[in-house]
Amino acid sequence: RLSGTYQSACIAAQAAREAGLETVRVVDSLNMTLGEHIVVEYALRMVDEGLGADEIADALEASVGRVHILGLVDTLEYLKRGGRISAAAGTLGEMLSIKPVITIDDGEVAILGKARGSKNGRNQLHQQVGKRGIEFGMPVLLGYTGLSDALLRKYLNDNRAIWEDKVAEDELPICSVGATIGTHVGPGAIALAFFGKN
C-alpha cells in the first residue's frame, strides 16, 4: 500500500512462472525501511540454516504479522512540507511541540498517539514498544534520521530495561534511515523494528 514495488514484483513473478520458473515467490513484508530489513534478515537466517525457497517464503508469510516498526517524529515541518498533514495542523503542532508516535499497520502509516514534548514522546514510544514486547531471538533494528543518532541514544539510555539483559549495548543494531523515508519525517526521528511477542 505504500509502494508499487510489491505489485511489480508479483507481475514479474507471474511472468517468470509463465516462462517455466516455478520457484519464484513474492512475500509482502507489509512494511517499509527497517521493517523490511528485519524480514530480509530473518530470510537470510533461514537460508543459512539450509531451508528451501518455499519453506522460507511460507515462514516469512506466517511471521510478517508479528513485525512492528514504531517511530517517533521529532518535527512536523517535513510532514507539512510533503503534504502528509495540513499546513494548519503542522503549524499548530509545531507550536505545541507535538511529537507523533507512528507505526505501519497492514501496510499503511498510522498514528498511535501524540505527545507534547520530546520526553513525553519517548515515554509514549516506550509504552507502545512495551505493549508489543520484543522477541530478541529474532532480528531487531534501530534507526534514526538525519546526521546524528543522539535522540536514539537518549531513548535507549532512558529505557535501558528494554534491552539491558538481552543484548550488550555495543551490539544493538543501529542504522541511519534512508533518504526516501527521511525526507518525509525530517531529521531527529527515531524508529525501532522488531518481531513482537504479542
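**Starting from one side chain**

Tutor: Let's begin with a pair of atoms: a polar atom in the side chain of Thr75 sits 3.2 Å from the backbone nitrogen of Glu77. Keep in mind that this is a predicted model.

Student: Where is Thr75, then?

Tutor: You'll find Thr75 in the loop that links S1 to helix H4 (77-81).

Student: And is Thr75 buried or exposed?

Tutor: The cut-off for buried is under 20% relative accessible area. Thr75 has 11% relative accessibility, so it counts as buried.

Student: Which residues does Thr75 touch, leaving aside neighbours within four places in sequence?

Tutor: They are Glu94, Val185 and Pro187. With Glu94, there's a polar contact between the two side chains, at 3.0 Å.

Student: How do I read a helix?

Tutor: An α-helix has 3.6 residues a turn, so residues three or four places apart point the same way. Now take helix H3 (residues 53-63), where Ile56, Ala57, Leu60 and Ser63 are buried. Those residues cover an arc of only 135° around the axis, which puts them on the same side of H3.

Student: What covers the buried residues of H3?

Tutor: The cover includes helix H2 (33-48), strand S1 (67-72) and strand S6 (190-195).

Student: How about S6: how many of its residues are buried?

Tutor: Six of the six, so S6 is largely enclosed by the rest of the structure. Ile190, Leu192 and Phe194 point one way, while Ala191, Ala193 and Phe195 point the other.

Student: Which strands pair with S6?

Tutor: S1 pairs with S6 in the antiparallel sense over six bridges, with Val67 opposite Phe195. Strand S4 (residues 140-144) also runs antiparallel to S6, joined by five bridges, and Leu141 stands opposite Ala193.

How values were computed
Residues are numbered from 1 along each chain as its sequence is written. This is a predicted model: local features need pLDDT of at least 70, side-chain atom pairs count only at pLDDT 80 or more; totals for chains, interfaces and linings use all residues. Side-chain values use heavy atoms; hydrogens and water are left out. Buried means under 20% relative accessible area, exposed over 50%, partly exposed in between (1.4 Å probe, protein chains only). Helices (H or I, at least four residues) and strands (E, at least two) are DSSP runs, numbered from the N terminus. The arc is that of the directions from the helix axis to the C-beta atoms. Contact means heavy atoms within 4.5 Å. A polar contact is a pair of N or O atoms within 3.5 Å; within protein, one must be able to donate a hydrogen and the other to accept it, and residues adjacent in sequence count only if both atoms are side-chain atoms. Two strands pair if DSSP finds at least two bridges between them.
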